[in-house]
Amino acid sequence: MDRMVTLAHKFLEDVLSFGDTAVDLTAGGGRDTLFLAERTGRQGKVFAFDIQREAIVRTQSLLTGKGFRAISHWEEGSILPESGIFLVNDGHERIRSYVREKVKGVIANLGYLPSGDRSIVTRAETTLQSLRETLPLLVSGGRLAVIAYVRHQGGRREAEEISGFFGGLPSNCWHTIKMEMLNRENAPFLLMAEKT
Ligand SMILES: C[S@@+](CC[C@H](N)C(=O)[O-])C[C@H]1O[C@@H](n2cnc3c(N)ncnc32)[C@H](O)[C@@H]1O
């Protein structure tokens, strides 16, 4: 229960099926991208974003090791295949430049790349922008999970602003839940939204 990532995966697992489209807003080491790829299968489509080339390379390598083929280079403006895993070396706030289809599940694991440069972190402004751009892409019954961290610089502000954003979503269109540990200081927390 102390692993918010595991809880986020369980939340998404309930709605993801083979053939769905899913998005990882922060590819990092690739574990969440791998999870989405496993849940959506060969007929599915996964987009994973990261501003760091190192994260894209790590994600590519993890996927390859697990028998998945991911595409990380394509001509701008070209029509992408109907299925596959697409690694985007760009900010998640630009999601609408890449993802045109409706999406069933989205994950955003915020903060810095583990064992990477800790000065490169997700930021309140761009994270909020990416969430505003992403929500309209979700199908009815689609789900979004965000894991927010407060320990790194700017983390608390980002976490509080996103929490406020989830709290402000209209209740006739969205169910939102916050899951947090009550007996541990500065623990990460999980924000979840489902489109009605
Ligand atoms: C905690 S890591 C993600 C962990 C990852 N999902 C995994 O399974 O290993 C956060 C990542 O967000 C990335 N990031 C920071 N700002 C970003 C942005 N604007 N758009 C996309 N990725 C961003 C960082 O480079 C870092 O790799």
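This is a predicted model: local features need pLDDT of at least 70, side-chain atom pairs count only at pLDDT 80 or more; totals for chains, interfaces and linings use all residues.

Around the ligand there are 23 residues, and those that come nearest are Thr-26, Asp-32, Asp-50, Gln-52 and His-92, where a residue counts as near if one of its heavy atoms lies within 4 Å of the molecule. Residues are numbered from 1 along each chain as its sequence is written, and side-chain values use heavy atoms, with hydrogens and water left out.

The shell around the ligand divides into 7 nonpolar, 10 polar and 6 charged residues, with Asp, Glu, Lys and Arg counted as charged, Ala, Val, Leu, Ile, Met, Phe, Trp, Tyr, Cys and Pro as nonpolar, and the others, Gly among them, as polar.

Which atoms of Asp-50 and Gly-29 face oxygen atoms of the ligand? For Asp-50 it is a polar side-chain atom, 2.6 Å from a ligand oxygen, whereas for Gly-29 a backbone N or O atom lies 3.0 Å from an oxygen atom of the ligand. In Glu-93, a side-chain N or O atom is 3.1 Å from a nitrogen atom of the ligand. Taken alone the ligand exposes 600 Å², of which the protein buries 97%, the accessible areas coming from the Shrake-Rupley method with a 1.4 Å probe, and for residues only the protein chains shown counting as cover.

Turning to the chain, we find 5 helices and 8 strands, which run α-β-α-β-α-β-β-β-α-β-α-β-β from the N terminus on; these are DSSP runs, with helices (H or I) of at least four residues and strands (E) of at least two. Finally, the C-alpha atoms of the chain fill a box of roughly 45 × 40 × 30 Å, taken along the principal axes.

Definitions and conventions
A polar contact is a pair of N or O atoms within 3.5 Å; within protein, one must be able to donate a hydrogen and the other to accept it, and residues adjacent in sequence count only if both atoms are side-chain atoms.
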